[in-house]
Amino acid sequence: MNLPFFKALRPLTELTTTSRRVGLAVVMGSALLSSAAYAELDYAEKEELKFGFIKLTDMAPLAIAYEKGYFEDEGLYVTLEAQANWKVLLDRVIDGQLDGAHMLAGQPLGATIGYGTKAHIVTAFSMDLNGNGITVSNDVWDEMKKNIPNDADGKPVHPISASALKPVIDGYKAQGKPFKMGMVFPVSTHNYELRYWLAAGGVHPGYYAPARGDTSGQINADALLSVTPPPQMPATMEAGTISGYCVGEPWNQQAVFKGIGVPVITDYEIWKNNPEKVFGVSNEWAEQYPNTHIRVVKAMIRAAKWLDDNNNGNRPEAVEILSRSQYVGADYDVIANSMTGTFEYEKGDKREIPDFNVFFRHHATYPYYSDAIWYLTQMRRWGQIAEPKSDEWFMKIAKEVYRPDIYAQAAQSLIEDGVMQATEFPDFTTEDGFKPPQSEFIDGVMYDGKYPNEYLKRFDIGLKGDDQV
């Protein structure tokens with residue numbers, strides 16, 4: 001240990017008070033943990049815990065941590081409880097009925113900045129990458145296909161741009177009919193992915209204007225987006241209430257199995273290896289139970305690794321677990337259709353997408369500041385953040401909500417336990433929390449999380465600079 005350096009960060013007396021202390025975060029600009037600062041992890045302050053989730057396949061790290069005994073290995077006795085919808089889930093974390101939950105990545109950010117319910121929520125664990133799709137009804141698909149080229153096998157060329165949907169929407173307008181689509185929550189990945197895809201194809205998805213009391217998100221919209229709970233998506237579309245939706249699995253594949261719709265694109269094709277769900281807790285809870293929090297993250301890291309181990313070799317077992325009624329409760333075959341590395345678009349058009357669900361590869365579990373900032377840019381782009389914000393503001397909020405320091409303590413403890421290797425994690429001595437600039441979006445626009453306002457200026461559709469609705 002570099003003792004003089006460590007003394008400068010924390011008085012030595014604070015480190016020697018007891019032989020068992022929580023790992024300490026070394027703040028070095030990026031606020032990440034140096035391996036030099038690790039001390040042995042103490043016992044959990046709270047052993048009996050209740051975590052919430054929504055019935056989606058990306059809740060898998062919670063189910064696996066429970067079923068494989070990883071929570072118990074950390075001295076934690078966990079109850080997992082399905083929630084009715086994302087709002088109920090968030091409210092129950094805020095009021096303490098739940099200790100933590102499977103959350104939309106935008107929920108901790110939206111709550112912390114006061115969009116909707118105001119509460120300081122933090123995340124130290126990213127649950128997965130990818131995993132969503134956009135599905136349209138059979139009638140809409142029949143019209144879209146006229147605008148999509150086919151490959152040599154007569155199958156539609158992917159990825160499919162929303163420009164193929166635009167003439168369909170224009171046709172609805174000509175008939176005086178609204179074109180409606182569903183997404184799961186105003187600050188959901190699904191909302192932002194659907195908006196991104198539509199806008200990239202020249203379809204305006206509408207603005208929010210919270211300062212004016214308009215939180216519909218439908219101002220100036222070509223397509224009207226509204227909230228539908230994930231398990232209800234297929235039935236709502238079948239009833240004709242919506243003509244399409246963006247949702248996580250298994251509810252896109254359910255439309256294929258029921259013969260009521262066609263998934264036209266996955267979020268992997270909209271933004272390759274995009275961050276999806278997170279595990280969220282209140283900041284108050286995190287401060288009250290720091291050792292418990294670290295141990296929860298440890299168990300979930302192990303679960304995520306198990307899900308991706310052996311080139312997805314554990315996925316069939318994972319699918320069986322998720323198909324149980326207490327978890328996702330969908331048919332095994334429906335869940336397996338995407339969870340085992342394939343994805344079925346039009347019935348019979350099944351394609352290999354080995355990274356459709358990623359739980360550990362590509363450092364999927366690490367809570368990158370750049371991921372947080374991307375979500376904030378989309379909130380600004382569509383008016384949920386009504387006024388201009390500086391780049392420094394984006395960084396400040398990201399650091400308040402995303403906690404890579406806690407993640408690093410959990411990872412270091414797993415390394416010290418001999419359960420995992422340092423090479424399986426980012427290099428915590430150099431990691432600054434920002435992914436390299438990314439350009440693998442459907443529109444090719446480059447994203448650099450260090451320059452959010454420059455990023456927003458690159459879009460033709462959406463707020464930027466001093467724009468306000």
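**Questions on a predicted model**

Trainee: Which residues does W271 touch, not counting residues up to four places away in sequence?
Mentor: A touch, or contact, means heavy atoms within 4.5 Å. This is a predicted model, in which local features need pLDDT of at least 70, side-chain atom pairs count only at pLDDT 80 or more, and totals for chains, interfaces and linings use all residues. Residues are numbered from 1 along each chain as its sequence is written, and side-chain values use heavy atoms, with hydrogens and water left out. With those residues up to four places away set aside, W271 touches N130, W374, Q438, E440 and F441.

Trainee: Is W271 buried or exposed?
Mentor: W271 sits in the loop between α12 (267–270) and β13 (277–282); helices (H or I, at least four residues) and strands (E, at least two) are DSSP runs, numbered from the N terminus. Buried means under 20% relative accessible area, exposed over 50%, and partly exposed in between (1.4 Å probe, protein chains only). At 4% relative accessibility, W271 therefore counts as buried.

Trainee: And Q378, which residues does that one touch beyond four places in sequence?
Mentor: Q378 belongs to helix α17. Its relative accessible area is 0%, so Q378 is buried. Its contacts, not counting residues up to four places away in sequence, are Y192, Y196 and Y455.

Trainee: Why do the buried residues of α8 line one face of the helix?
Mentor: Helix α8 (residues 166–174) has V168, I169 and Y172 as its buried residues. The arc is that of the directions from the helix axis to the C-beta atoms. These residues line one face because, seen down the axis of α8, they fall within an arc of 100 degrees.

Trainee: Which strands stand at the edges of the five-strand sheet?
Mentor: Two strands pair if DSSP finds at least two bridges between them. The open sheet runs in the order β2-β1-β3-β13-β4, with mixed pairing. Each edge strand has a single partner, so one side is left without a neighbour in the sheet; the edges are β2 (77–82) and β4 (121–126).

Trainee: What angle does the direction of helix α3 make with that of β2?
Mentor: Helix α3 (residues 60–67) packs on the sheet, touching β1 (48–53), β2, β3, β4 and β13. Axes are lines fitted to C-alpha atoms, for helices over the stretch in contact, and angles run from 0 to 180 degrees between N-to-C directions. The angle between α3 and β2 is about 140 degrees.

Trainee: Where does pLDDT stay under 50?
Mentor: pLDDT is the predictor's confidence in each residue, from 0 to 100. The protein averages 92, and 92% of the residues score at least 70. Where pLDDT is low, the predicted coordinates should not be read in detail. The stretch under 50 is residues 1–37.
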